[in-house]
Amino acid sequence: MKKCVAYLRMSTDKQEYSIDSQLRLIKAFSERNGYWLMDTYIDEGISGRQAEKRPAFMQMIDDSSKGIFEYVLIYDSSRFARNLEQSIVYKSLLKRNGVSLISITEPIVDEDTSLITDALLGAMNEMYSRKLSKVVKRGMEQKALGNEYFSCAPYGYKKPHKKPLEIIEKEAQVIKIVYQKFMENISPFKIAQELNSLNIKTKRGKCIDKRWVQKVLTNPTYKGYMLWKIEDRVYYKKANHTAIIDENMFDKVQKKYKENKKRIKHKGKPLEYHKHWLTGILRCPVCDTVYVYAKGYMNKSDRFRCGGYVSGRCNVSKSFRVTDLEALIINELYSIIKSEKKYYNLKFTKITTTENTELIIREINQLKKTLSRAKTAYLSEIDTLEEYKENKERIQKQITELENKLAERNQMPTHKELAKNIGNVLEIIESKKNMIIKIKAIKSIIDKITLNGTTGKMLIYFYA
Ligand SMILES: [Zn+2]
(Lines give C-alpha, C1' and ligand atoms only; values in the text may rest on other atoms or scores of the structure.)
Protein backbone atom coordinates (compact mmCIF):
# COMPACT_ATOMS: atom_id res chain seq x y z
CA MET A 1 0.00 0.00 0.00
CA LYS A 2 1.13 3.53 -0.75
CA LYS A 3 1.21 5.52 2.47
CA CYS A 4 -0.56 8.84 2.20
CA VAL A 5 -2.16 11.66 4.15
CA ALA A 6 -4.87 14.07 3.06
CA TYR A 7 -4.80 17.82 3.29
CA LEU A 8 -8.17 19.57 3.31
CA ARG A 9 -9.02 23.20 3.33
CA MET A 10 -12.39 24.87 3.37
CA SER A 11 -12.26 28.40 2.16
CA THR A 12 -14.90 30.98 2.97
CA ASP A 13 -16.44 30.40 -0.45
CA LYS A 14 -19.66 28.59 0.36
CA GLN A 15 -20.19 27.35 -3.17
CA GLU A 16 -17.62 24.63 -2.92
CA TYR A 17 -17.57 21.16 -1.47
CA SER A 18 -17.66 20.88 2.30
CA ILE A 19 -14.77 19.33 4.19
CA ASP A 20 -16.90 16.22 4.63
CA SER A 21 -17.57 15.73 0.95
CA GLN A 22 -13.94 16.53 0.04
CA LEU A 23 -12.88 13.91 2.56
CA ARG A 24 -15.38 11.40 1.23
CA LEU A 25 -14.09 11.87 -2.30
CA ILE A 26 -10.48 11.60 -1.13
CA LYS A 27 -11.25 8.43 0.81
CA ALA A 28 -12.97 6.91 -2.20
CA PHE A 29 -10.00 7.86 -4.36
CA SER A 30 -7.48 6.32 -1.97
CA GLU A 31 -9.50 3.11 -1.69
CA ARG A 32 -9.74 2.85 -5.43
CA ASN A 33 -6.08 3.48 -6.08
CA GLY A 34 -4.46 1.47 -3.32
CA TYR A 35 -3.45 4.30 -1.00
CA TRP A 36 -3.37 3.86 2.72
CA LEU A 37 -4.80 7.04 4.23
CA MET A 38 -2.86 7.47 7.48
CA ASP A 39 -3.86 10.90 8.64
CA THR A 40 -5.77 14.02 7.66
CA TYR A 41 -4.74 17.65 8.04
CA ILE A 42 -7.63 20.09 8.00
CA ASP A 43 -7.69 23.89 7.87
CA GLU A 44 -11.16 25.31 8.01
CA GLY A 45 -12.25 28.71 6.81
CA ILE A 46 -8.79 30.02 5.98
CA SER A 47 -7.96 31.77 2.75
CA GLY A 48 -5.37 30.07 0.60
CA ARG A 49 -3.47 33.30 0.10
CA GLN A 50 -2.08 33.30 3.59
CA ALA A 51 -0.50 29.89 3.65
CA GLU A 52 1.72 30.78 6.57
CA LYS A 53 -1.36 31.02 8.75
CA ARG A 54 -2.60 27.57 7.88
CA PRO A 55 -1.49 25.59 10.93
CA ALA A 56 -2.54 22.15 9.68
CA PHE A 57 -0.86 22.78 6.35
CA MET A 58 2.37 23.79 8.09
CA GLN A 59 2.23 20.71 10.28
CA MET A 60 1.76 18.56 7.18
CA ILE A 61 4.78 20.14 5.44
CA ASP A 62 6.83 19.66 8.60
CA ASP A 63 5.70 16.04 9.05
CA SER A 64 6.64 15.31 5.45
CA SER A 65 10.29 15.29 6.55
CA LYS A 66 9.72 12.44 8.99
CA GLY A 67 9.40 9.73 6.41
CA ILE A 68 5.97 8.63 7.63
CA PHE A 69 4.08 9.11 4.38
CA GLU A 70 4.90 9.25 0.68
CA TYR A 71 1.91 11.06 -0.77
CA VAL A 72 -0.30 14.00 0.05
CA LEU A 73 -3.78 13.84 -1.44
CA ILE A 74 -5.71 17.02 -2.07
CA TYR A 75 -9.11 17.67 -3.61
CA ASP A 76 -7.79 20.16 -6.13
CA SER A 77 -4.73 22.35 -6.48
CA SER A 78 -6.49 25.45 -5.14
CA ARG A 79 -6.49 23.67 -1.73
CA PHE A 80 -2.72 23.60 -1.77
CA ALA A 81 -1.68 27.13 -2.56
CA ARG A 82 -3.26 30.01 -4.40
CA ASN A 83 -0.23 31.56 -5.96
CA LEU A 84 2.45 30.05 -8.10
CA GLU A 85 5.30 31.06 -5.81
CA GLN A 86 3.88 29.24 -2.79
CA SER A 87 2.89 26.30 -4.86
CA ILE A 88 6.40 25.91 -6.26
CA VAL A 89 8.09 26.29 -2.90
CA TYR A 90 5.91 23.90 -0.96
CA LYS A 91 5.88 21.35 -3.75
CA SER A 92 9.64 21.41 -3.86
CA LEU A 93 9.87 21.10 -0.06
CA LEU A 94 7.67 18.02 -0.30
CA LYS A 95 9.68 16.70 -3.22
CA ARG A 96 12.90 17.08 -1.28
CA ASN A 97 11.33 14.96 1.46
CA GLY A 98 10.38 12.32 -1.07
CA VAL A 99 6.67 13.14 -0.88
CA SER A 100 4.48 13.57 -3.96
CA LEU A 101 1.42 15.74 -4.18
CA ILE A 102 -1.66 14.24 -5.80
CA SER A 103 -4.80 16.12 -6.74
CA ILE A 104 -7.73 13.72 -6.98
CA THR A 105 -9.56 15.84 -9.52
CA GLU A 106 -6.75 16.95 -11.81
CA PRO A 107 -3.92 15.30 -13.68
CA ILE A 108 -0.62 15.35 -11.83
CA VAL A 109 1.45 18.39 -12.63
CA ASP A 110 4.43 18.84 -10.40
CA GLU A 111 6.72 20.00 -13.13
CA ASP A 112 6.18 23.72 -12.74
CA THR A 113 9.26 23.79 -10.51
CA SER A 114 11.21 23.48 -13.75
CA LEU A 115 10.00 26.97 -14.58
CA ILE A 116 12.43 28.36 -12.13
CA THR A 117 16.20 28.05 -11.80
CA ASP A 118 17.77 25.93 -9.06
CA ALA A 119 19.52 28.87 -7.42
CA LEU A 120 16.35 30.90 -7.11
CA LEU A 121 14.43 27.89 -5.92
CA GLY A 122 17.07 27.22 -3.26
CA ALA A 123 16.81 30.76 -1.94
CA MET A 124 13.04 30.65 -1.85
CA ASN A 125 13.06 27.28 -0.12
CA GLU A 126 15.35 28.58 2.57
CA MET A 127 13.16 31.58 3.26
CA TYR A 128 10.03 29.46 3.54
CA SER A 129 11.81 26.83 5.65
CA ARG A 130 12.77 29.49 8.16
CA LYS A 131 9.19 30.71 8.34
CA LEU A 132 8.05 27.15 8.69
CA SER A 133 10.40 26.22 11.51
CA LYS A 134 9.15 29.20 13.52
CA VAL A 135 5.54 28.09 13.22
CA VAL A 136 6.36 24.48 14.05
CA LYS A 137 8.55 25.36 17.01
CA ARG A 138 5.75 27.41 18.49
CA GLY A 139 3.45 24.39 18.14
CA MET A 140 5.94 22.08 19.86
CA GLU A 141 6.45 24.42 22.77
CA GLN A 142 2.72 24.50 23.32
CA LYS A 143 2.62 20.70 23.26
CA ALA A 144 5.40 20.44 25.85
CA LEU A 145 3.63 22.88 28.20
CA GLY A 146 0.28 21.14 28.36
CA ASN A 147 -0.53 17.49 28.62
CA GLU A 148 -1.84 17.59 25.08
CA TYR A 149 -2.06 13.86 24.52
CA PHE A 150 -5.21 13.69 26.57
CA SER A 151 -6.78 16.83 25.19
CA CYS A 152 -9.49 14.57 23.86
CA ALA A 153 -10.60 12.07 26.51
CA PRO A 154 -11.52 8.58 25.36
CA TYR A 155 -15.00 7.21 25.96
CA GLY A 156 -15.52 6.59 29.67
CA TYR A 157 -13.59 9.66 30.75
CA LYS A 158 -13.64 13.43 30.70
CA LYS A 159 -10.63 15.71 30.81
CA PRO A 160 -10.80 18.61 33.23
CA HIS A 161 -8.38 21.38 32.29
CA LYS A 162 -4.82 20.63 33.45
CA LYS A 163 -5.99 17.70 35.57
CA PRO A 164 -5.89 13.94 35.07
CA LEU A 165 -8.76 12.12 33.38
CA GLU A 166 -11.94 11.67 35.40
CA ILE A 167 -14.35 8.76 35.06
CA ILE A 168 -17.85 9.30 33.66
CA GLU A 169 -19.73 6.60 35.53
CA LYS A 170 -22.36 5.90 32.87
CA GLU A 171 -19.79 5.53 30.10
CA ALA A 172 -17.51 3.47 32.32
CA GLN A 173 -20.35 0.94 32.70
CA VAL A 174 -20.44 0.56 28.91
CA ILE A 175 -16.67 -0.04 28.82
CA LYS A 176 -17.03 -2.72 31.49
CA ILE A 177 -19.82 -4.40 29.52
CA VAL A 178 -17.63 -4.45 26.39
CA TYR A 179 -14.81 -6.21 28.26
CA GLN A 180 -17.15 -8.68 29.97
CA LYS A 181 -18.96 -9.62 26.77
CA PHE A 182 -15.69 -10.11 24.97
CA MET A 183 -14.49 -12.49 27.67
CA GLU A 184 -17.80 -14.34 27.25
CA ASN A 185 -16.75 -15.06 23.65
CA ILE A 186 -19.04 -12.48 22.07
CA SER A 187 -17.50 -10.97 18.95
CA PRO A 188 -16.86 -7.22 18.57
CA PHE A 189 -19.44 -7.23 15.78
CA LYS A 190 -22.13 -8.70 18.05
CA ILE A 191 -21.12 -6.39 20.91
CA ALA A 192 -21.55 -3.39 18.61
CA GLN A 193 -24.99 -4.61 17.57
CA GLU A 194 -26.04 -5.07 21.19
CA LEU A 195 -24.85 -1.59 22.20
CA ASN A 196 -26.67 -0.11 19.22
CA SER A 197 -29.88 -1.85 20.22
CA LEU A 198 -29.52 -0.06 23.58
CA ASN A 199 -29.12 3.19 21.63
CA ILE A 200 -25.64 3.87 23.02
CA LYS A 201 -23.63 6.37 20.98
CA THR A 202 -19.92 7.23 20.75
CA LYS A 203 -18.56 10.49 22.19
CA ARG A 204 -19.23 12.08 18.84
CA GLY A 205 -22.82 10.86 18.84
CA LYS A 206 -22.27 8.20 16.22
CA CYS A 207 -23.46 4.62 16.21
CA ILE A 208 -21.11 2.05 17.69
CA ASP A 209 -19.32 -0.15 15.18
CA LYS A 210 -17.00 -3.12 15.27
CA ARG A 211 -13.89 -0.95 15.03
CA TRP A 212 -14.96 1.20 17.99
CA VAL A 213 -15.34 -1.95 20.10
CA GLN A 214 -11.91 -3.17 18.98
CA LYS A 215 -10.36 0.17 19.92
CA VAL A 216 -11.97 0.06 23.36
CA LEU A 217 -10.71 -3.47 23.91
CA THR A 218 -7.11 -2.51 23.19
CA ASN A 219 -6.85 0.98 24.70
CA PRO A 220 -4.53 0.85 27.76
CA THR A 221 -6.08 4.07 29.10
CA TYR A 222 -8.73 1.80 30.61
CA LYS A 223 -6.22 0.03 32.81
CA GLY A 224 -4.82 3.34 34.03
CA TYR A 225 -1.96 3.77 31.58
CA MET A 226 -1.25 6.48 29.12
CA LEU A 227 -0.13 6.06 25.58
CA TRP A 228 1.23 8.73 23.31
CA LYS A 229 3.03 9.04 20.05
CA ILE A 230 5.91 11.25 19.07
CA GLU A 231 6.63 11.00 15.40
CA ASP A 232 6.18 7.30 14.77
CA ARG A 233 7.26 6.00 18.16
CA VAL A 234 4.76 4.91 20.77
CA TYR A 235 5.32 5.63 24.47
CA TYR A 236 3.46 3.94 27.24
CA LYS A 237 3.47 4.41 31.03
CA LYS A 238 1.34 4.27 34.16
CA ALA A 239 -0.72 7.44 34.49
CA ASN A 240 -2.39 9.12 37.43
CA HIS A 241 -5.99 8.58 36.42
CA THR A 242 -8.29 5.84 37.78
CA ALA A 243 -8.54 2.63 35.79
CA ILE A 244 -11.93 1.33 34.62
CA ILE A 245 -10.69 -2.19 33.94
CA ASP A 246 -8.31 -3.88 36.35
CA GLU A 247 -4.89 -4.73 35.01
CA ASN A 248 -5.38 -8.47 35.22
CA MET A 249 -8.60 -8.39 33.19
CA PHE A 250 -7.09 -6.02 30.63
CA ASP A 251 -4.10 -8.26 30.05
CA LYS A 252 -6.35 -11.33 29.68
CA VAL A 253 -8.40 -9.49 27.08
CA GLN A 254 -5.25 -8.52 25.16
CA LYS A 255 -4.16 -12.14 25.03
CA LYS A 256 -7.57 -13.32 23.85
CA TYR A 257 -7.81 -10.49 21.34
CA LYS A 258 -4.46 -11.40 19.80
CA GLU A 259 -5.35 -15.09 19.64
CA ASN A 260 -8.68 -14.33 17.94
CA LYS A 261 -6.97 -12.10 15.46
CA LYS A 262 -4.44 -14.79 14.60
CA ARG A 263 -7.24 -17.32 14.13
CA ILE A 264 -9.27 -15.03 11.89
CA LYS A 265 -6.19 -14.25 9.83
CA HIS A 266 -5.53 -17.94 9.47
CA LYS A 267 -9.07 -18.66 8.34
CA GLY A 268 -9.04 -15.79 5.92
CA LYS A 269 -11.68 -13.10 5.74
CA PRO A 270 -15.20 -14.45 6.19
CA LEU A 271 -16.34 -12.31 3.30
CA GLU A 272 -14.28 -11.54 0.29
CA TYR A 273 -14.35 -7.92 -0.81
CA HIS A 274 -14.13 -7.36 -4.49
CA LYS A 275 -13.71 -4.42 -6.70
CA HIS A 276 -16.73 -3.68 -8.80
CA TRP A 277 -17.70 -0.55 -10.72
CA LEU A 278 -20.39 0.08 -8.11
CA THR A 279 -18.09 -0.08 -5.08
CA GLY A 280 -17.49 3.32 -3.59
CA ILE A 281 -20.48 4.77 -5.44
CA LEU A 282 -23.35 2.76 -4.05
CA ARG A 283 -24.36 4.05 -0.61
CA CYS A 284 -26.88 3.17 2.05
CA PRO A 285 -28.87 6.39 2.73
CA VAL A 286 -29.80 5.18 6.22
CA CYS A 287 -26.23 5.19 7.58
CA ASP A 288 -24.37 6.85 4.67
CA THR A 289 -21.93 3.98 4.26
CA VAL A 290 -20.89 2.39 0.98
CA TYR A 291 -22.17 -1.01 0.03
CA VAL A 292 -19.57 -3.77 0.12
CA TYR A 293 -19.21 -6.59 -2.32
CA ALA A 294 -19.52 -10.08 -0.90
CA LYS A 295 -18.45 -13.00 -2.99
CA GLY A 296 -21.03 -15.80 -2.99
CA TYR A 297 -19.85 -19.21 -1.89
CA MET A 298 -20.50 -22.47 -3.74
CA ASN A 299 -23.31 -21.74 -6.18
CA LYS A 300 -24.65 -18.70 -4.33
CA SER A 301 -24.51 -15.43 -6.23
CA ASP A 302 -22.29 -12.44 -5.38
CA ARG A 303 -24.09 -9.73 -3.44
CA PHE A 304 -23.87 -6.13 -2.31
CA ARG A 305 -24.70 -5.26 1.29
CA CYS A 306 -24.55 -2.07 3.40
CA GLY A 307 -21.04 -1.75 4.86
CA GLY A 308 -22.56 -0.21 7.98
CA TYR A 309 -24.50 -3.41 8.56
CA VAL A 310 -21.38 -5.50 8.05
CA SER A 311 -19.55 -3.51 10.72
CA GLY A 312 -22.56 -3.55 13.05
CA ARG A 313 -23.75 0.06 13.04
CA CYS A 314 -26.67 -0.09 10.60
CA ASN A 315 -29.72 -2.29 10.82
CA VAL A 316 -30.58 -2.50 7.13
CA SER A 317 -29.64 -6.10 6.50
CA LYS A 318 -31.04 -6.59 3.01
CA SER A 319 -28.49 -7.59 0.41
CA PHE A 320 -28.80 -7.35 -3.37
CA ARG A 321 -27.67 -9.72 -6.04
CA VAL A 322 -24.88 -8.00 -7.99
CA THR A 323 -26.32 -9.00 -11.35
CA ASP A 324 -29.74 -7.57 -10.39
CA LEU A 325 -28.23 -4.27 -9.31
CA GLU A 326 -26.14 -3.97 -12.46
CA ALA A 327 -29.23 -4.49 -14.60
CA LEU A 328 -31.30 -2.07 -12.53
CA ILE A 329 -28.75 0.73 -12.74
CA ILE A 330 -27.88 0.20 -16.40
CA ASN A 331 -31.60 0.28 -17.24
CA GLU A 332 -32.09 3.46 -15.26
CA LEU A 333 -29.17 5.12 -17.08
CA TYR A 334 -30.61 4.13 -20.46
CA SER A 335 -33.98 5.53 -19.50
CA ILE A 336 -32.35 8.86 -18.55
CA ILE A 337 -30.76 9.00 -22.01
CA LYS A 338 -34.12 8.36 -23.63
CA SER A 339 -36.33 10.56 -21.52
CA GLU A 340 -35.91 14.28 -21.14
CA LYS A 341 -38.63 14.22 -18.53
CA LYS A 342 -36.56 11.98 -16.31
CA TYR A 343 -33.62 14.33 -16.63
CA TYR A 344 -35.55 17.17 -14.98
CA ASN A 345 -36.05 15.07 -11.87
CA LEU A 346 -32.41 14.10 -11.53
CA LYS A 347 -30.31 14.88 -8.49
CA PHE A 348 -27.18 16.89 -9.04
CA THR A 349 -24.54 17.06 -6.38
CA LYS A 350 -23.83 20.75 -6.69
CA ILE A 351 -27.21 22.40 -7.05
CA THR A 352 -27.09 26.11 -6.36
CA THR A 353 -30.77 27.03 -6.29
CA THR A 354 -33.77 25.12 -5.10
CA GLU A 355 -36.07 26.19 -7.90
CA ASN A 356 -37.15 23.40 -10.14
CA THR A 357 -35.80 23.52 -13.68
CA GLU A 358 -38.84 21.73 -14.98
CA LEU A 359 -41.15 24.41 -13.60
CA ILE A 360 -39.17 27.20 -15.25
CA ILE A 361 -39.21 25.44 -18.59
CA ARG A 362 -42.93 24.81 -18.32
CA GLU A 363 -43.47 28.49 -17.61
CA ILE A 364 -41.38 29.52 -20.59
CA ASN A 365 -43.38 27.22 -22.86
CA GLN A 366 -46.60 28.66 -21.46
CA LEU A 367 -45.42 32.19 -22.25
CA LYS A 368 -44.44 31.18 -25.77
CA LYS A 369 -47.96 29.85 -26.31
CA THR A 370 -49.43 33.10 -25.01
CA LEU A 371 -47.17 34.96 -27.42
CA SER A 372 -48.40 32.99 -30.40
CA ARG A 373 -52.00 33.46 -29.25
CA ALA A 374 -51.43 37.21 -29.14
CA LYS A 375 -50.11 37.04 -32.65
CA THR A 376 -53.20 35.11 -33.81
CA ALA A 377 -55.39 37.70 -32.09
CA TYR A 378 -53.62 40.48 -33.98
CA LEU A 379 -53.76 38.63 -37.31
CA SER A 380 -57.46 37.96 -36.93
CA GLU A 381 -57.83 41.67 -36.16
CA ILE A 382 -59.04 41.16 -32.59
CA ASP A 383 -56.11 43.15 -31.18
CA THR A 384 -54.73 46.34 -32.63
CA LEU A 385 -51.11 46.58 -33.68
CA GLU A 386 -50.44 48.74 -30.62
CA GLU A 387 -51.93 46.16 -28.29
CA TYR A 388 -50.02 43.35 -29.94
CA LYS A 389 -46.75 45.27 -29.73
CA GLU A 390 -47.29 45.97 -26.06
CA ASN A 391 -48.20 42.35 -25.29
CA LYS A 392 -45.29 41.02 -27.29
CA GLU A 393 -42.76 43.20 -25.49
CA ARG A 394 -44.08 42.31 -22.05
CA ILE A 395 -44.15 38.56 -22.72
CA GLN A 396 -40.77 38.60 -24.42
CA LYS A 397 -39.30 40.32 -21.39
CA GLN A 398 -40.70 37.67 -19.07
CA ILE A 399 -39.32 34.92 -21.28
CA THR A 400 -35.86 36.50 -21.28
CA GLU A 401 -35.90 36.80 -17.52
CA LEU A 402 -36.80 33.15 -17.11
CA GLU A 403 -34.23 32.06 -19.65
CA ASN A 404 -31.56 33.98 -17.76
CA LYS A 405 -32.61 32.29 -14.56
CA LEU A 406 -32.36 28.98 -16.30
CA ALA A 407 -28.93 29.77 -17.67
CA GLU A 408 -27.80 30.80 -14.20
CA ARG A 409 -28.73 27.52 -12.60
CA ASN A 410 -27.67 25.61 -15.64
CA GLN A 411 -24.11 25.20 -14.80
CA MET A 412 -25.27 21.62 -14.88
CA PRO A 413 -25.03 19.65 -18.07
CA THR A 414 -27.98 19.83 -20.43
CA HIS A 415 -29.92 16.69 -21.12
CA LYS A 416 -28.09 16.31 -24.42
CA GLU A 417 -24.65 16.62 -22.80
CA LEU A 418 -25.53 14.31 -19.95
CA ALA A 419 -27.06 11.75 -22.32
CA LYS A 420 -23.87 11.75 -24.35
CA ASN A 421 -21.70 11.29 -21.25
CA ILE A 422 -23.92 8.52 -19.92
CA GLY A 423 -23.75 6.84 -23.32
CA ASN A 424 -19.95 6.86 -23.24
CA VAL A 425 -19.86 5.51 -19.72
CA LEU A 426 -22.37 2.76 -20.50
CA GLU A 427 -20.29 1.69 -23.46
CA ILE A 428 -17.30 1.22 -21.14
CA ILE A 429 -19.30 -0.50 -18.41
CA GLU A 430 -20.81 -2.99 -20.82
CA SER A 431 -17.47 -3.69 -22.49
CA LYS A 432 -14.85 -6.21 -21.43
CA LYS A 433 -12.51 -3.45 -20.20
CA ASN A 434 -10.92 -3.95 -16.80
CA MET A 435 -12.68 -2.91 -13.60
CA ILE A 436 -10.39 0.04 -12.85
CA ILE A 437 -11.32 1.65 -16.17
CA LYS A 438 -15.01 1.00 -15.50
CA ILE A 439 -14.77 2.51 -12.01
CA LYS A 440 -13.01 5.58 -13.37
CA ALA A 441 -15.64 5.96 -16.08
CA ILE A 442 -18.63 5.87 -13.77
CA LYS A 443 -16.95 8.09 -11.18
CA SER A 444 -16.42 10.72 -13.85
CA ILE A 445 -20.15 11.48 -14.04
CA ILE A 446 -21.77 10.06 -10.92
CA ASP A 447 -21.10 11.24 -7.39
CA LYS A 448 -23.14 8.55 -5.68
CA ILE A 449 -26.10 6.25 -5.99
CA THR A 450 -28.17 5.81 -2.86
CA LEU A 451 -30.16 2.66 -2.46
CA ASN A 452 -32.44 2.23 0.52
CA GLY A 453 -32.42 -1.46 1.41
CA THR A 454 -35.75 -1.21 3.20
CA THR A 455 -37.81 0.78 0.71
CA GLY A 456 -35.85 -0.14 -2.40
CA LYS A 457 -35.76 3.56 -3.39
CA MET A 458 -32.78 4.39 -5.60
CA LEU A 459 -31.41 7.86 -6.43
CA ILE A 460 -28.54 8.69 -8.77
CA TYR A 461 -26.56 11.85 -8.01
CA PHE A 462 -24.74 13.19 -11.04
CA TYR A 463 -21.98 15.75 -10.91
CA ALA A 464 -23.18 19.18 -11.93
ZN1 LIG B 1 -26.75 1.23 6.16
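Residues are numbered from 1 along each chain as its sequence is written. In this predicted model, local features need pLDDT of at least 70 and side-chain atom pairs count only at pLDDT 80 or more, while totals for chains, interfaces and linings use all residues.

An open sheet of 4 strands has the order 2-1-3-4. Its pairing is parallel. Strands are DSSP runs of E of at least two residues, helices are runs of H or I of at least four, and both are numbered from the N terminus. Two strands pair if DSSP finds at least two bridges between them. Strand 2 (35–44) and strand 4 (100–103) each have a single partner strand, so one side of each is left without a neighbour in the sheet. On average, neighbouring strands are turned by 25° against each other, direction ignored. Strand 1 (residues 2–10) is joined to strand 2 by 9 bridges. Cys4 stands opposite Leu37 in strand 2.

Helix 2 (residues 55–63) lies across strand 1, strand 2 and strand 3 (71–74). The helix runs at about 145° to strand 2. Such angles run from 0 to 180 degrees between N-to-C directions, with axes fitted to C-alpha atoms, for helices over the stretch in contact. Two residues are in contact if their C-beta atoms, placed from the backbone, lie within 7 Å.

The largest nonpolar core holds 30 residues. A nonpolar core is a set of buried Ala, Val, Leu, Ile, Met, Phe, Trp, Tyr and Cys residues joined through C-beta atoms within 7 Å. A residue is buried if 20 or more other C-beta atoms lie within 10 Å of its own, exposed if 12 or fewer, and partly exposed in between. Among the members that touch the most others are Ile281, Tyr291, Phe304 and Ile449. Elements giving two or more residues include strand 10 (289–294), helix 11 (322–338) and strand 14 (446–451). Strand 10 gives the most, with 5 residues. Beyond its neighbours within four places in sequence, Ile449 is in contact with Ile281, Leu282, Ile329, Met458 and Ile460. Another core, of 28 residues, lies apart and includes Met60, Phe69, Val89 and Leu101.

Most residues other than glycine have a negative phi. Asn199 has a positive phi near 65°. Asn199 is in the loop between helix 7 (188–197) and helix 8 (210–218). It counts as exposed, with 8 C-beta neighbours inside 10 Å. Asp288 also has a positive phi, of about 55°. Asp288 lies in the loop between strand 9 and strand 10. With 14 C-beta neighbours inside 10 Å, Asp288 counts as partly exposed.
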